[in-house]
Amino acid sequence: MSRSFPLSKLSRTFSWALLIAIAIAVLLRLVNLSHREFWYDEVLSLLLSTGQKTSYSTPKELPVTLADYTPLLSLPVENGIGAIPATLKKLLQGLAGEPHPPLFFLGQHLWLRLFGNGVAATRSLNVFFSIGAIGSAYGLGRRLLGHQGGLLLAALLGTNAYYLFHSLNVRMYGPLLLWVILSAWAALELIEPKRLTVPDKEYKDGEGSSFYTKLLWNLVFIGSIAAGFLTFYYFAFFIVALAILVLWLDRQHWWQHGLRFVAGIILMIPWVLWGTRQQLRNADLERFGGTQTWMETVGKHLEGVTQTLGIHLVLGDWVTSLPLVSATIAGIGAIALLVVCSIRLWRQHHYRVLGVALLLGIFPLVLALMVDILKGQFTVGFGWGRSMIFILPGCLLLIAAWIERTMGKWRPLAAAIVLGFYLVISIGDFTLRDRRMFHQIADIIEQEPTTPTLIAMNSQAWGHVLRLAYYIPPDLPVTLLAQPPAKLAPVLEKTLNTQTGNFSRVLWLDSGDPIWSKPKTEAEKLTFQQNIQTTLKPQYQLVETQPLVGTMEEDQFTVHLYQRSQ
């Protein structure tokens, strides 16, 4: 008794420490809901979710009132409930030119109707999804590793810097992990409960769950499969991994599992027949291609895999502020860790847990890489690895299994090191990096709120235009002239010659990343900037220059405020 008590007390302390880590993870999501402005893709999600993408038009050579864009980021005016189907139809039509299925945007649309389009309100839906994913991670981990293993997996997922970023991001990647984890958990629950822990020769068929419990897990599995695919098309790679998983663990009931997969696929068919066909016709698949030599192609594929793992498991969103080589270095470390975890689990005969973790994490990544190689594309590393975010739970499961099953008395220390590292990276991300560029622009304009102001911006990218419209109050007299860098100076000169009296101030907003029309060389960029200065100098005087820095390249601007000469 005297020996078992300290061990039991240590176990309870470990469990409480994991619960505290989970609570901190939830708290980080809540306190940072509106800490940062929308980034480029978030405001596009808002536009799509309002159903008004088809009403958006790219700024032309004539200046436009900035406030004309503001209503596009709210739900349209509707005369009664009967107008709602028309809005939903426009929402789906707006997705025809997008590469993503509709479920996330439909859910966000409903959320807008309930809570409006404020930053915190809009992001809160993804936060709820992420909390659900953390809870589901506990269920998945407990199913394989026991109670503390479930807590450990939930804590790893909750504190992971990459998932924290996507939990506070109005995009589909955060909710996707809920469907990933739920579908994997349901698949394991539908395999007879003892089959994972009892040797096959000792297992007796029929020692499973009750009818109603199985019915529930069937519904969860079918719904998660359909929801995952209708949230992100690359979820198809994970579906293949799940199919192999259930065949490996429960091949005797292959036809029952097959029916579940078919049921999930049937739920996808209406959108595939109507929406996916249109999206494929409009898709720009060439952007994922390249014309490299054989050696360059191999190197780029390896770089994509390495950087993706490094970003997922080490750097998180910090990668957008660091040299790209840091992701490669972090990736090498992440790969080394996963290899060590696998070897330790294999040597201690935890074959099934190891197999499940590899199938849920590494296998979909390898499958996506093989498809890239066959198609001559590079999608694995796209968008700082977000196209592969569905591998994150499986990779974290491998780390959790290594700690829980192989570390013995060092288990609390190993868990503390990994969780401490994740918390430092995550907390540092949201305390040391800010994104409030457009608030600063609004502050400059509000210094003279009644003075007509022309914003001349060297970008027509809708993420830039819409963020200006969202954060600059619509009651301010602001006019926008948005043109590619090469055309801004001549168009601005024409505008000032015809409407000089209308603008007492010109705010030249020089984007560091115009997205659609980047200058080819630094010399060309300097030439465009000098042309703007030459255009403004005869009539306006420079009174302020201010650099604006965010967390991404798309956030970098330099504001030049010009006042009309007296």
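The crossing of helix 5 and helix 15 is right-handed. The model described here is predicted. Helix 5 spans residues 119–159, and helix 15 spans residues 392–406. Their axes come within 9 Å and cross at roughly 130 degrees. The two helices are therefore oblique to each other.

Helix 5 brings Leu 144, Leu 145, Gln 148, Gly 149, Leu 152, Leu 153, Leu 156 and Leu 157 to this contact. Helix 15 answers with Leu 392, Pro 393, Leu 396, Leu 397, Ile 399, Ala 400, Ala 401, Ile 403, Glu 404 and Arg 405. By residue class, the contact of helix 5 with helix 15 holds 14 nonpolar, two polar and two charged residues.

Two further residues of helix 5 were examined. Ser 136 is found in this helix. Its relative accessibility is 7%, so Ser 136 counts as buried. Leaving out residues up to four places away in sequence, Ser 136 touches Leu 178, Ile 181, Leu 182 and Trp 185. Arg 143 is also found in helix 5. Arg 143 has a relative accessible area of 13% and is buried.

Two packed helices are described by the angle between their axes and the distance between the axes. Helix 17 covers residues 437–445, and helix 18 covers residues 462–471. They pack at an angle of about 55 degrees, with axes 9 Å apart. That angle makes helix 17 oblique to helix 18. The crossing of this pair is right-handed.

On the helix 17 side, the contact is made by Met 437, Phe 438, His 439, Ile 441 and Ala 442. These residues meet His 464, Arg 467, Leu 468 and Tyr 471 in helix 18. The contact of helix 17 with helix 18 divides into six nonpolar, two polar and one charged residue.

The largest nonpolar core has 147 residues. Within this core, Leu 157, Leu 242, Ile 441, Leu 468 and Ile 472 touch the most other members. Leu 157 also takes part in the contact of helix 5 with helix 15. Ile 441 and Leu 468 lie on facing sides of the contact between helix 17 and helix 18. Neighbours within four places in sequence aside, Leu 468 is in contact with Leu 66, Phe 438, Ile 441, Ile 455, Met 457, Leu 480 and Leu 509. A second, separate core contains 15 residues, among them Leu 492, Leu 496, Val 506 and Tyr 540.

Backbone geometry was then considered. Most residues other than glycine have a negative phi. Trp 384 has a positive phi of about 55 degrees, although it is not a glycine. Trp 384 lies in the loop between helix 14 (362–375) and helix 15. With a relative accessible area of 35%, Trp 384 is partly exposed. Ile 515, another residue other than glycine, has a positive phi near 70 degrees. Ile 515 lies in the loop between strand 4 and helix 20. Its relative accessible area is 25%, and Ile 515 is partly exposed.

Lys 518 lies in the loop between strand 4 (505–511) and helix 20 (522–536). Lys 518 counts as partly exposed, at 47% relative accessibility. The C-alpha atoms of Lys 518 and Thr 551 are separated by 19 Å, and the two residues are 33 residues apart along the chain.

How values were computed: Residues numbered from 1 in each chain as written. Predicted model: local features only at pLDDT ≥ 70, side-chain atom pairs only at ≥ 80, totals over all residues. Heavy atoms only, no water. Core = buried A, V, L, I, M, F, W, Y, C linked by side-chain atoms within 4.5 Å. Buried < 20%, exposed > 50% of the residue type's maximum accessible area, 1.4 Å probe, protein only. Contact = heavy atoms within 4.5 Å. Axes fitted to C-alpha atoms, helices over the stretch in contact; angles between N-to-C directions. Helix = DSSP H or I, 4+ residues; strand = E, 2+ residues; numbered from the N terminus. Parallel < 35°, antiparallel > 145°, perpendicular 65-115°, else oblique. Left-handed = near helix turned anticlockwise from the far one by under 90°. Nonpolar A, V, L, I, M, F, W, Y, C, P; charged D, E, K, R; others polar.
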